[in-house]
Amino acid sequence: MKESQEEVFGIDGFTEDQFQEMLDVIYPTSKPIDRWNVMCLIEMADRFMMPSIVLDRTTPERLRKVRACDEFDKLSADLKRDIEARLIYIQIFRTRFEYSSRAACEKK
């Protein structure tokens, strides 16, 4: 029996609406990650082991706010590390971009 061999994950702890919110973000829609759904989506991404789906679509400003929330402490160590790494990467990218832009302006 194929069904007995498949791993099944319950959605305990999340409402149907919250789970639908996650599906709307995963599948191609125009559903944005905003201040109203970001924490729930990050918690679900942590539980269902798919952080990149949410982190790739979350602004650095929202990630900083998540990091400042009490709920941040409840996330797995892996997801906390992923959020920190994403913020560091963004800072490095911005610094390099600003340096390149300044250098290009000085050449003119």
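Where does threonine 58 lie? Threonine 58 sits in the loop that runs between helix H4 (51-55) and helix H5 (60-68). Helices here are DSSP runs of H or I with at least four residues, strands are runs of E with at least two, and both are numbered from the N terminus. The model is a predicted one, so to speak of a local feature takes a pLDDT of at least 70 and side-chain atom pairs count only at pLDDT 80 or more, while totals for chains, interfaces and linings use all residues. Residues are numbered from 1 along each chain as its sequence is written, and side-chain values use heavy atoms, with hydrogens and water left out.

As for the overall picture, the protein has six helices and zero strands, and from the N terminus on its elements read α-α-α-α-α-α. Of its 108 residues, 26% count as buried; that label means under 20% relative accessible area, with exposed meaning over 50% and partly exposed in between (1.4 Å probe, protein chains only). The protein exposes about 8,300 Å², and carbon and sulfur atoms supply 54% of that area. Accessible areas come from the Shrake-Rupley method with a 1.4 Å probe, and for residues only the protein chains shown count as cover. Take the contacts (heavy atoms within 4.5 Å) between residues at least 6 apart in sequence: 61% of them join residues at least 24 apart.

Back to threonine 58, which is buried, at a relative accessible area of 7%. Its side chain reaches the backbone oxygen of valine 54 at 2.7 Å. Setting aside neighbours within four places in sequence, threonine 58 is in contact with Ile33, Val38 and Leu63.

Leu63 also turns up in the pattern of H5, where Pro60, Leu63 and Val66 are buried. Seen down the axis of H5, the buried residues fall within an arc of 115 degrees, so they line one face of the helix. The arc is taken from the directions that lead from the helix axis to the C-beta atoms. On the other side of H5, Lys65 and Ala68 are exposed. As background, an α-helix has 3.6 residues a turn, so residues three or four places apart point the same way.

Next come the aromatic rings. A search of the whole structure finds two aromatic pairs. The rings of phenylalanine 14 and phenylalanine 48 have centres 6.2 Å apart and planes at 45 degrees, so this pair is tilted. Rings of Phe, Tyr and Trp (its six-membered ring) pair if their centres lie within 6.5 Å; planes under 30 degrees apart count as stacked, over 60 as edge-to-face and the rest as tilted. Phenylalanine 14 is in the loop between helix H1 (2-5) and helix H2 (16-26), and phenylalanine 48 is in the loop between helix H3 (38-47) and H4, so the pair ties together parts 34 residues apart in sequence. Phenylalanine 19 and phenylalanine 48 make an edge-to-face pair, 5.9 Å centre to centre with 80 degrees between the planes. This pair links distant parts of the chain, since phenylalanine 19 belongs to helix H2 and lies 29 residues from phenylalanine 48. Phenylalanine 14 is buried, phenylalanine 48 is buried at 17% relative accessible area, and phenylalanine 19 counts as partly exposed at 26%.

Methionine 49 is also found in the loop between H3 and H4. Its phi is near 55 degrees, a positive value in a residue other than glycine. Methionine 49 is exposed, with a relative accessible area of 61%.

Technical notes:
A polar contact is a pair of N or O atoms within 3.5 Å; within protein, one must be able to donate a hydrogen and the other to accept it, and residues adjacent in sequence count only if both atoms are side-chain atoms.
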